[in-house]
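Please look at the structure below and keep it in view while reading. The paragraphs that follow go through it part by part.

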Amino acid sequence: MTNIFDHPIDRRGTDSEKWDRYDPDVLPLWVADMDFPSAEPIVQALGERIEHRVFGYTNEIRGLREAILAWLEERHRWKVKAEDIVFLPGVVVGFNLTARAFGTASIVRSVSIPTATEARGVLIQPPVYPPFLSVGKNAGIPLFENPLIRVKDRTTESEGDPQPAEHIKYEIDLDHFRTCLNQRPSLFLLCNPHNPVGRVYTRAELEVIADVCLKTKTLICSDEIHADLVFSGHTHIPIASIDPDIANRTITLMAPSKTFNIPSLEFAFAVIPNPQLRKQFQEARRGLVGEVNLFGMVAAKAAYKNGAPWLDEVLQYLEGNRDYLKRYVQERLPGIGMNNPEGTYLAWLNCEGLIEKSPEAFQSGTAAFFLEHARVGLNEGTTFGTGGEGCVRLNFACPRSTLQEALIRMEDAVKRITLRASTAC
Ligand SMILES: Cc1ncc(COP(=O)(O)O)c(C=O)c1O
């Protein structure tokens with residue numbers, strides 16, 4: 001059966017960040033957008049608005065806030081009040097603004113949020129989305145790290161599958177998390193679902209970290225941009241939905257951009273139930289962070305009101321790609337280990353086994369090896385900070401045929417170096 005997501009759309013020459021970076025013979029599986037057309041209701045709503053032909057200054061569009069609230073309640077069982085929502089042009093803007101507004105205890109105290117005396121700084125959990133790494137520097141506050149820990153995991157792909165596959169799984173180092181919070185950062189920046197390791201944290205994990213944050217009076221900024229991209233068997237739980245006390249000291253950042261493949265329309269939102277935090281956040285943006293774009297709002301409203309069927313279809317397709325990729329890596333890419341993405345459309349490939357056999361081939365970096373020898377563009381693991389050494393990130397939100405072609409190329413490149421290493425012995 002053909003699927004609309006199977007049809008490749010030529011994005012070369014369309015000023016696409018992903019497709020215009022490399023030479024035309026390279027298959028780019030890096031930056032986190034999808035090579036799929038966006039949902040029809042979004043395209044229609046944008047077309048209708050364009051037909052009006054007048055693009056003057058705009059108010060918040062009617063029905064947008066209600067559409068977001070209904071989405072959060074239906075998809076995430078999270079009841080939020082209309083006034084808790086603050087629109088933003090992006091999630092990266094949102095967490096940098098949060099760090100500047102609340103990176104030091106004196107400011108947090110000034111909004112009467114109980115916080116630890118002398119608290120200062122931001123805690124992150126690498127390997128993580130690269131802009132997290134510069135939040136401390138941008139805000140002029142210390143950056144603390146609680147690196148995720150790598151464990152081995154076995155999963156069975158489908159019923160009746162005789163061979164459970166071995167995967168790499170990442171977990172939060174809870175003991176070290178407590179130690180880090182005793183160093184008194186004022187802010188913990190959570191990434192859930194986690195880019196690049198694809199974890200969708202469980203309620204039990206979230207409850208532990210939320211409890212430690214409550215006890216140490218640390219504010220939480222939770223980047224949940226991938227919240228809607230979660231595969232079967234897993235559920236996204238907004239950390240603020242766990243308990244009203246947690247909600248009271250959490251700024252949650254969400255967007256329709258990853259979910260519906262509309263990142264260049266630059267629309268995101270923060271959920272800030274605590275009115276004092278919200279006020280302080282809004283004051284920090286004044287004159288610096290502008291309002292959101294008309295088309296971003298139009299697309300967001302159409303997405304949240306009428307985009308669910310498209311999302312369910314794309315999730316099914318992505319899950320198929322994930323399983324295809326896992327099996328391919330397991331069976332045909334010796335020396336490479338892979339995570340089992342529970343959410344996001346990003347795979348994290350650990351190539352240390354391969355590098356050990358032929359270190360000289362990887363001297364310029366792991367992604368550089370695949371770019372040169374396979375003509376596949378991936379993200380270099382070290383750009384995700386601690387724990388990224390020897391890894392690459394692969395974006396599997398593309399037609400299956402593109403993924404297949406990239407994997408064949410990678411397999412050939414791996415075979416060539418493995419052959420060279422064995423003949424050298
Ligand atoms: C975890 C995470 N946060 C934020 C972003 C980007 O958000 P925005 O484009 O809204 O700034 C990305 C994009 O890949 C991401 O993976």
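A residue is called buried here if 20 or more other C-beta atoms lie within 10 Å of its own, exposed if 12 or fewer do, and partly exposed in between. With that cut-off in hand, helix α14, which covers residues 366-374, has T366, A367, F369, F370, L371 and A374 as its buried residues. An α-helix has 3.6 residues a turn, so residues three or four places apart point the same way. The model shown is a predicted one.

What comes just after α14? R375 follows the helix there, with a positive phi of about 55°. R375 has this positive phi although it is not a glycine. The residue sits in the loop that leads from α14 to β13 (376-377). R375 has 19 C-beta neighbours inside 10 Å, so it counts as partly exposed.

Now take the chain as a whole. Domain 1 is made of residues 4-39 + 309-418, and domain 2 of residues 47-306. Between the C-alpha centres of domain 1 and domain 2 there is a distance of 25 Å. The two domains touch: 33 residues of domain 1 are in contact with 38 residues of domain 2. On the side of domain 1 that touches domain 2, at least two residues each come from α12 (308-332), β11 (337-338) and β12 (346-350). The most is given by α12, which supplies 7 residues to that side. Sorted by class, the residues on this side of domain 1 are 12 nonpolar, 14 polar and 7 charged.

The next topic is a sheet. In what order do the strands of the open sheet of 7 strands run? The order is β2-β10-β9-β8-β7-β3-β4, and the pairing is mixed. The strands β2 (85-88) and β4 (143-145) are at the edges and have a single partner strand each, so one side of each has no neighbour in the sheet. From one strand to the next, the twist averages 25°.

The pairings within the sheet can be followed strand by strand. Strand β7 (residues 187-191) pairs with strand β8 (residues 219-223) in the parallel sense, over 5 bridges. In this part of the sheet, C191 is opposite D223 in β8. Strand β8 also pairs with β9, again in the parallel sense, and here there are 4 bridges. Here I220 has T250 in β9 as its bridge partner. The pairing of β9 with β10 is antiparallel, over 3 bridges. Here the bridge partner of L253 is A270 in β10.

Are the residues of β9 buried or exposed? Of the 5 residues of β9, 5 are buried, so the strand is largely enclosed by the rest of the structure. Their side chains can be sorted by direction: T250, T252 and M254 point one way from β9, while I251 and L253 point the other way.

Between β9 and β10, the loop contains E266. E266 is not a glycine, yet has a positive phi of about 50°. With 16 C-beta neighbours inside 10 Å, E266 is counted as partly exposed.

Two peptide bonds are cis. One runs from P126 to P127, with omega near 0°. P127 belongs to the loop between β3 and α6 (135-139). The other joins N195 and P196, and its omega is about 20°. P196 is in the loop between β7 and α8 (203-215).

Which residues come nearest to the ligand? There are 13 residues around the ligand, and the nearest of them are A32, G90, V91, V92 and N195. In the shell around the ligand, 9 residues are nonpolar, 3 are polar and 1 is charged.

Notes: Residues numbered from 1 in each chain as written. Predicted model: local features only at pLDDT ≥ 70, side-chain atom pairs only at ≥ 80, totals over all residues. Domains from an automatic or database assignment. Contact = placed C-beta atoms within 7 Å. Nonpolar A, V, L, I, M, F, W, Y, C, P; charged D, E, K, R; others polar. Near = placed C-beta within 6 Å. Pairing = 2+ DSSP bridges. Axes fitted to C-alpha atoms, helices over the stretch in contact; angles between N-to-C directions.
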